[in-house]
Amino acid sequence: MHGMSLYYASRAVVSIGFGGLCYLSGISLWTAILIGSVAFAWFLWAPHSGRYAVHPEFGITALRRDEHTQQINDQAARNAFVILGIAIAVLSFYFGTIIHTDVPVHILNYALILGVATYYITDFRLRKS
């Protein structure tokens with residue numbers, strides 16, 4: 001075995017192990033199989049996602065981040081952090097000075113979802129440009 005074959009074989013073992021741990025933790029067998037299968041599907045998709053530089057010569061560690069992919073990751077994370085910070089500042093101002101009450105947790109969850117969405121939208125757009 002060499003190159004990407006070694007990567008895929010190692011990820012199959014990791015996926016089976018992850019599904020097995022899920023089963024041992026009390027999850028039903030079918031759910032554990034589904035979780036292991038989804039994990040393996042992600043490992044199959046990752047080399048083609050554009051998120052990593054693929055170096056088959058490195059075997060089980062074939063996926064790497066080069067400068068370009070790391071720069072995209074850093075920009076997406078920065079944008080998400082800024083948007084999340086602005087959202088929390090607005091919520092803090094509104095609930096602290098106008099309504100004079102605590103911020104409900106479900107509204108903070110929306111702010112978190114906004115930050116995560118910002119990360120993935122930025123990441124997607126930068127990878128496509």
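In these legends, buried means under 20% relative accessible area, exposed over 50%, and partly exposed in between, with a 1.4 Å probe and protein chains only. The model is predicted, so that local features need pLDDT of at least 70 and side-chain atom pairs count only at pLDDT 80 or more, while totals for chains, interfaces and linings use all residues. Residues are numbered from 1 along each chain as its sequence is written, and side-chain values use heavy atoms, with hydrogens and water left out.

**View 1. The lining of the largest pocket.** Trp45, Ser49, Arg51, Tyr120, Asp123, Phe124, Arg127 and Lys128 line the largest pocket. Helix α4 (residues 105-128) gives the most to this lining, with five residues; helices (H or I, at least four residues) and strands (E, at least two) are DSSP runs, numbered from the N terminus.

**View 2. Ser49 in its loop.** Ser49 is found in the loop between α2 (29-45) and β1 (53-54), and Ser49 counts as buried because its relative accessible area is 18%. A polar atom of the Ser49 side chain lies 3.1 Å from the backbone nitrogen of Arg51.

View 3. The 33 residues of helix α3 (residues 67-99) should span 48 Å at 1.5 Å a residue, which agrees with the 46 Å between its end C-alpha atoms; the expected span is 1.5 Å times one less than the number of residues. Among the buried residues of α3 are Thr69, Ile72, Asn73, Leu91 and Phe95, and the buried residues of this helix pack against α4, where contact means heavy atoms within 4.5 Å. Just after α3, His100 takes a positive phi of about 60 degrees.

How values were computed:
1 Å grid on protein atoms, 1.4 Å probe; cavity = no way out; pocket = protein on both sides within 12 Å on 5 of 7 lines; lining within 4 Å. Polar contact = N/O pair within 3.5 Å; in protein donor to acceptor, adjacent residues only side chain to side chain.
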